Amino acid sequence: MQLLKGIQTGWVLATLLWTGAPVTARPHQQPQQGPLVRKEWRTLSNHEKSSYLCAVKCLMRKPALTPAFDNTGVISRYDDLVYTHILQTFDIHYTGHFLAWHRYYVAVYERMLRDECHYQGAQPYWDWTLDTPADQWAASPIFDPVTGFGGNGAPVAGDPTNPMEVPGRTGGGCVQDGPFAGIPDMVHLGPMDSVTYNPQCLKRDFSPYFAGRYLAMNQTQLTLAAPDFGAFGRVVEGGPSFDASGVHGGGHYGVGGTYGQIGDLYTSPADPIFYLHHANLDRVWWSWQKLDLGARLTDISGPIFLMDYENLKGGNVTLEFPLSAGVSAANVTVGDVMNIAACGQNGVLCYEYDEVYTLQG
Ligand SMILES: *[C@@H]1O[C@H](CO)[C@@H](O)[C@H](O)[C@H]1NC(C)=O
Ligand SMILES: *[C@@H]1O[C@H](CO)[C@@H](O)[C@H](O)[C@H]1NC(C)=O
Ligand SMILES: *[C@@H]1O[C@H](CO)[C@@H](O)[C@H](O)[C@H]1NC(C)=O
Ligand SMILES: [Cu+2]
């Protein structure tokens, strides 16, 4: 069956080439016809899952573009993006452009997987609502040791007096299985804003409780019901305390807890699950936009500066506001990424979701 699938894919590609699909692509670039369609991880075939994971590992082997004179621990193309996220941490979270920046960042990653690592598909997303309530969390197909990203870290004792102790955490050590286990130098940067070479294993610290509380359909519905972008952005990001989390924090702390990289505001993209979580946040935003596309393709607000919701330090973000993915792509503006399926006519983004969330009465 898998062999058959491979043959079919090869056949379709050959046909596309033969029928004269545009050959204007840069070297290695996959010819793209219409929007890429992003799908949920568990609906991919085993062959699609393994080619995605293989492309992720490929980015981890490709040499970085960040100049060596920056004197950092940035080694791979994968690290280039982690580094970009660390450098901009306080400029891109709890701001009006949080969602726009991360939308662009995930699209740049998707393009790198395709153009630099021969991946043929779209960036998959992770619909975590399917993995709640709490007692189903650890059994999610996304954590599968063979067809997923591996599971929890080894249990490590915590410190209940630590204010960063995530309620319900259950792991904390190196991941035990899956494609990223047993690699003592998988992560090169962090913790926090440290960018010198610091080889670490990938760690996770599941909190099924946290995931159950913030990632179920009830929280997603609450998010979709926001009347305007200002309100929407704040429900997604929530506040800085664990109790005030939204779906964004739900994914970061549900997987990363206190000790996992994905729970670290700076180094979180070091865990490849980051990109599937953020693809789904993007899908939540697109679902919300689609409820009133006429108004919501241009609805943007929220502070330029971190948590400046009262506009004491500056104003709000507008469609002209710049977004940077560092060495990995050209700067664009918020306005450039409001429409995920702009395609053609200088459209920066060209993808769709196979399915969006709907607002239930
Ligand atoms: C959603 O359900 C979870 C699990 O029962 C609960 O802990 C959480 O408080 C609920 N959230 C909302 C917004 O109702
Ligand atoms: C900034 O955006 C918020 C909503 O995100 C809004 O309530 C506020 O009035 C805006 N401030 C200005 C100066 O436009
Ligand atoms: C891209 O934007 C960043 C900040 O948003 C800025 O520091 C950088 O100079 C810009 N790069 C270019 C080439 O305009
Ligand atoms: Cu981020």
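At what angle do the axes of helix α4 and helix α9 cross? In this predicted model, the crossing angle is roughly 130°. Helix α4 covers residues 98-117 and helix α9 covers residues 273-290. Their axes come within 10 Å. An angle over 145 degrees would count as roughly antiparallel, and 65 to 115 as roughly perpendicular. The pair is therefore oblique. The crossing of α4 past α9 is left-handed. On the α4 side, the contact is formed by Leu99, His102, Arg103, Val106 and Tyr109. On the α9 side, the contributors are Tyr275, His278, Ala279, Leu281, Asp282 and Trp285. By class, this contact holds seven nonpolar, two polar and two charged residues.

Helix α9 also packs against helix α8, which spans residues 247-256. The two axes lie 10 Å apart, at an angle of about 160°. Helices α8 and α9 are therefore roughly antiparallel. Their crossing is right-handed. Val247, His248, Gly251 and Val255 of α8 meet Ile273, His277, Leu281 and Val284 of α9. Five residues of this contact are nonpolar, three are polar and none is charged. Leu281 of α9 takes part here and is also listed in the contact with α4.

Helix α4 has a further partner in helix α2, residues 46-61. The axes of α2 and α4 come within 10 Å and cross at roughly 80°. This value falls between 65 and 115 degrees, so the two helices count as roughly perpendicular. The contact joins Ala55, Cys58 and Leu59 of α2 to Met112, Leu113, Glu116 and Cys117 of α4. Six of these residues are nonpolar, none is polar and one is charged.

The UniProt record, an unreviewed entry, places a feature named "domain: Tyrosinase copper-binding" at two stretches, residues 93-110 and 271-282. Residues 93-110 are 72% helix and 0% strand. The end C-alpha atoms of that span lie 21 Å apart. Residues 271-282 are 83% helix and 0% strand. Here the end C-alpha atoms are 18 Å apart.

Two ligands were examined for their surroundings. Ligand 1 is surrounded by Gly212, Arg213, Ala216, Asn218, Gln219 and Leu222. Two helices, α5 (208-214) and α6 (217-224), each supply at least two residues of this shell. The largest share, three residues, comes from α6. The shell around ligand 1 divides into two nonpolar, three polar and one charged residues. Arg213 belongs to this shell and counts as charged.

Ligand 2 is surrounded by Gly230, Ser301, Gly302, Asn311, Gly315 and Asn316. Six residues of this shell are polar. The shell has no nonpolar and no charged residues.

Most residues other than glycine have a negative phi, and most peptide bonds are trans. The peptide bond from threonine 132 to proline 133 is cis, with omega near 0°. Proline 133 sits in the loop between α4 and β2 (153-155). Histidine 118 lies in the loop between α4 and β2 as well. Its phi is positive, about 60°, although histidine 118 is not a glycine. Another cis peptide bond joins glycine 190 and proline 191, where omega is about 0°. Proline 191 is placed in the loop between β3 (172-175) and α5.

Methods. Residues numbered from 1 in each chain as written. Chains lettered and ligands numbered in written order. Predicted model: local features only at pLDDT ≥ 70, side-chain atom pairs only at ≥ 80, totals over all residues. Near = placed C-beta within 6 Å. Axes fitted to C-alpha atoms, helices over the stretch in contact; angles between N-to-C directions. Helix = DSSP H or I, 4+ residues; strand = E, 2+ residues; numbered from the N terminus. Parallel < 35°, antiparallel > 145°, perpendicular 65-115°, else oblique. Left-handed = near helix turned anticlockwise from the far one by under 90°. Contact = placed C-beta atoms within 7 Å. UniProt positions renumbered as here; feature names shortened; annotations may be inferred.
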